[in-house]
Amino acid sequence: MHCGACVEKIKTRIEKINGIEKADVALNPPQAVITMSHHINTDELNSALKEAGKYALEEVHGVIQENLNPFVAQEEKITIWTYKPLILIFVYLLGLVIFTEINRGAFNLMMSMNHFMGGFFLIFSFFKLLNLSGFAEAYSTYDIVAKKWRGYGFIYPFIELALGISYLYEFAPVTTNLVTLLVMSISSIGVIQSVLKKNKIQCACLGTVFNLPMTTITIVEDLLMVVMSIIMLTILK
């Protein structure tokens, strides 16, 4: 297992097996504690697990570590600095906008938002493309489209890349903002559902490079893009 998406995928597949009541899966250490209504041998479990990928279970004899879910273990430790990568990205983007406007000698709201959103999409697509398959797996655990069509997770980073370029070059501004409004609104639905259900899953906003938990901060991040696209569409009218 490489990330939280692997953990969620294995847990989901195991719990679909007839006779399994609960599966607690952890990334570190890589182990699972499975509660069954009746005994199911390891070979049968592994046969079913092959559908999830190249994973296999081995029986462990001895003490099993408690608090297996890595996100459950981290939940009490979450602070604002848990999101240090996101904070730094937003600070850098704000700095880019501020210094660009200072250099121009005048403030232009439309241009400032173009630069901010262009930089946002380029940076976020970059981190997703570092491990495209890993992102697609993680995204399919909560996005309403990627859940039904896994291919959307492979396309999504390229949509962000295209939007980033379009904003920086001010290409077809109405179309660009409409696409942003649609894409980020859909993305927000899956995030909001996961947060409301208190699902302990990995946020894939920065791909699988950083192990960021899904919280209301992710909602704010997505909705910020939605609000900015609406503002820009209003100005364009």
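Reply: Here is a walk from the cavity to the helices beside it.

This is a predicted model, in which local features need pLDDT of at least 70 and side-chain atom pairs count only at pLDDT 80 or more, while totals for chains, interfaces and linings use all residues. Residues are numbered from 1 along each chain as its sequence is written, and side-chain values use heavy atoms, leaving out hydrogens and water.

Searching the whole structure turns up one cavity of 30 Å³ or more. A cavity here is a set of points, on a 1 Å grid over the protein atoms alone, where a 1.4 Å probe fits but cannot get out; lining residues have an atom within 4 Å of a point. The largest cavity holds about 100 Å³ of space, a volume being the space filled by probe spheres set on the points, which are joined across faces, edges and corners. Its lining has 17 residues, and those closest to the centre are Tyr156, Ser187, Cys205, Glu221 and Asp222. By class, the lining divides into 11 nonpolar, two polar and four charged residues. (Ala, Val, Leu, Ile, Met, Phe, Trp, Tyr, Cys and Pro count as nonpolar, Asp, Glu, Lys and Arg as charged, and the others, Gly among them, as polar.)

Which helices supply at least two residues each of this lining? They are α5 (109-129), α6 (132-139), α8 (151-168), α9 (173-196) and α10 (216-236). Helices are DSSP runs (H or I, at least four residues), numbered from the N terminus.

Let us follow α5 to two of its partners. With α8, α5 packs at an angle of about 155 degrees, and their axes are 7 Å apart. Axes are lines fitted to C-alpha atoms over the stretch in contact, and angles run from 0 to 180 degrees between N-to-C directions. The two helices α5 and α8 are therefore roughly antiparallel, a term for angles over 145 degrees. Their crossing is left-handed, with the near helix turned anticlockwise from the far one by less than a right angle. Residues in contact (heavy atoms within 4.5 Å) include Gly118 and Gly119 of α5 and Tyr156 and Gly164 of α8. By class, this contact of α5 with α8 has 13 nonpolar, six polar and two charged residues.

With α10, α5 packs at an angle of about 145 degrees, the axes lying 11 Å apart, and this crossing is left-handed. Among the residues making the contact are Phe116, Phe120 and Phe124 of α5 and Glu221, Met225 and Met228 of α10. The contact of α5 with α10 has 15 nonpolar, two polar and one charged residues.

Methods
On a 1 Å grid over the protein atoms alone, a cavity is a set of points where a 1.4 Å probe fits but cannot get out, and a pocket is an open set with protein on both sides within 12 Å along at least five of seven lines; lining residues have an atom within 4 Å of a point. Angles under 35 degrees count as roughly parallel, over 145 as roughly antiparallel, 65 to 115 as roughly perpendicular and the rest as oblique.
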